[in-house]
Amino acid sequence: MNPFRVSNPSRLRVGLAVIVALAADAIQILLGPLGWAFADQIIDVFAMLLVSLLIGFHPLLIPTFIAEALPAVDMLPTWTGCVCAVALLKRRSFRPPAPPSGGPPTIDV
């Protein structure tokens, strides 16, 4: 069992991942003017690990992690945007197929 592979995260897990992302972005915005770059990197590592454990790893997390190292980008809510995008992509990929529209349903016997 891989803890970073969550096939279909529940609403609770997605909500917790959004809270982690919001907290990481808020802390980084508050600490930004103080110039604590080392603290920003630690927050990014914890945010990526916690989000990956909650909703599963997704390749979109890597560019977000890299972008957070750039001086001006770390003041944007990139974690929150990434978590929302990953949650929507995962939800869309696990949606059951829609029933065929048109005539009456086909019943195989």
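What percentage of the 109 residues in the chain is buried? In this predicted model, buried residues account for 30% of the chain's 109 residues.

**Fold and confidence**

The chain holds four helices and zero strands. Read from the N terminus, its elements follow the order α-α-α-α. The average pLDDT of the chain is 83, and 80% of the residues reach a score of at least 70. Among the elements, α1 has the highest confidence, with a mean of 92, whereas α4 has the lowest, with a mean of 87.

**The nonpolar core**

The largest nonpolar core comprises 16 residues. Within this core, the residues that touch the most other members are Val-51, Ile-55, Leu-61, Trp-79 and Val-83. Three helices, α1 (11-31), α2 and α4 (78-93), each contribute at least two residues to the core. Helix α2 provides the largest share, namely six residues.

**The surface patch**

A nonpolar patch lies on the surface and consists of Phe-38, Ile-42, Phe-46, Leu-50 and Leu-53. Together these residues present about 500 Å² of accessible area. Leu-53 belongs to helix α2, which spans residues 37-55. The relative accessibility of Leu-53 is 36%, so this residue is classed as partly exposed.

**The cysteines**

How many disulfides does a search of the whole structure find? The search returns zero disulfides. In general, a disulfide is a covalent bond joining the sulfur atoms of two cysteines. For Cys-82, the closest cysteine sulfur is that of Cys-84, at 9.3 Å, which is too far for a bond. The cut-off applied to a pair of cysteine sulfur atoms is 2.5 Å. Cys-84 is likewise in no disulfide, and its nearest cysteine sulfur is that of Cys-82. As to accessibility, Cys-82 counts as buried because its relative accessibility is 6%, under the 20% limit for that class. Cys-84, by contrast, has a relative accessible area of 33% and is therefore partly exposed.

The table below collects the relative accessibility of the residues discussed individually.

| Residue | Relative accessibility | Class |
|---|---|---|
| Cys-82 | 6% | buried |
| Cys-84 | 33% | partly exposed |

**Summary**

No disulfide is found in the structure.

Conventions:
Residues are numbered from 1 along each chain as its sequence is written. This is a predicted model: local features need pLDDT of at least 70, side-chain atom pairs count only at pLDDT 80 or more; totals for chains, interfaces and linings use all residues. Side-chain values use heavy atoms; hydrogens and water are left out. Patches are made of residues with over 30% relative accessible area and no salt bridge: like charges are joined within 9 Å, nonpolar side chains (Val, Leu, Ile, Met, Phe, Trp, Tyr) within 5 Å. Accessible areas come from the Shrake-Rupley method with a 1.4 Å probe; for residues, only the protein chains shown count as cover. A salt bridge is a side-chain nitrogen of Lys or Arg within 4 Å of a carboxyl oxygen of Asp or Glu. Buried means under 20% relative accessible area, exposed over 50%, partly exposed in between (1.4 Å probe, protein chains only). A nonpolar core is a set of buried Ala, Val, Leu, Ile, Met, Phe, Trp, Tyr and Cys residues joined through side-chain atoms within 4.5 Å. pLDDT is the predictor's confidence in each residue, from 0 to 100.
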